[in-house]
Amino acid sequence: METITHSWLNADGSVPSGSVKFSLSGSSEGPQGSQGTSISTEPVISPLVAGVLSQPLEPNVDQDGNPNGSFYWTEEDIGGSTPVSYPITILPGAASYDLWDLREVS
C-alpha cells in the first residue's frame with residue numbers, strides 16, 4: 001500500500017472540509033511482486049481531517065511504471081472550491097505521495 005496525502009488551506013487561513021474519492025477504473029491484479037493482490041473497484045471516499053488527506057491505496061502499476069490497464073479516477077470535493085476530477089496512477093515503493101504531485105503527472 002502507498003499513502004496518498006495532501007493538505008488544503010483556505011485563503012483566510014481556515015481549514016476546509018470535504019473529501020476525495022478514488023475509484024479504480026477496472027478490476028485488476030496488483031503490480032508484479034505483490035503476490036497476486038486483487039485491487040477492488042469499490043470507490044474509496046476519504047474525508048479530510050483538519051484539512052488533511054491521508055489515504056492508503058494499492059499501487060496500480062509495477063516498479064517499471066508498466067500499467068496494468070487501470071488508473072484511479074480521483075474526485076476532489078473540497079468546501080469553497082470547484083469540484084475537480086482527474087486520473088492518477090500509483091507506483092509501488094515510495095510509501096507516500098502528495099496527491100497534487102500525482103495530479104501534475106497525470
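Two strands are taken to pair if DSSP finds at least two bridges between them. On this basis, in the predicted model, four strands form an open sheet in the order E5-E2-E7-E8, with antiparallel pairing. Strand E5 (44–47) and strand E8 stand at the edges of this sheet, each with a single partner strand, so that one side of each is left without a neighbour in the sheet. From one strand to the next, the twist averages 20 degrees.

Within this arrangement, strand E2 (residues 18–24) and strand E7 are joined in the antiparallel sense over seven bridges. In this pairing, Phe22 has Thr74 of E7 as its bridge partner, and Gly18 is bridged to Ile78 of E7. Strand E7 is also joined to strand E8 (residues 84–88), again in antiparallel fashion, through five bridges, and here the bridge partner of Glu75 is Ser85 in E8. The strands E7 and E8 form a hairpin with five residues between them, and Gly80, which lies in the turn, has a positive phi of about 85 degrees.

The side chains of strand E7 (residues 72–78) alternate along its length.

Definitions and conventions
Residues are numbered from 1 along each chain as its sequence is written. This is a predicted model: local features need pLDDT of at least 70, side-chain atom pairs count only at pLDDT 80 or more; totals for chains, interfaces and linings use all residues. Side-chain values use heavy atoms; hydrogens and water are left out. Buried means under 20% relative accessible area, exposed over 50%, partly exposed in between (1.4 Å probe, protein chains only). Helices (H or I, at least four residues) and strands (E, at least two) are DSSP runs, numbered from the N terminus. Axes are lines fitted to C-alpha atoms, for helices over the stretch in contact, and angles run from 0 to 180 degrees between N-to-C directions.
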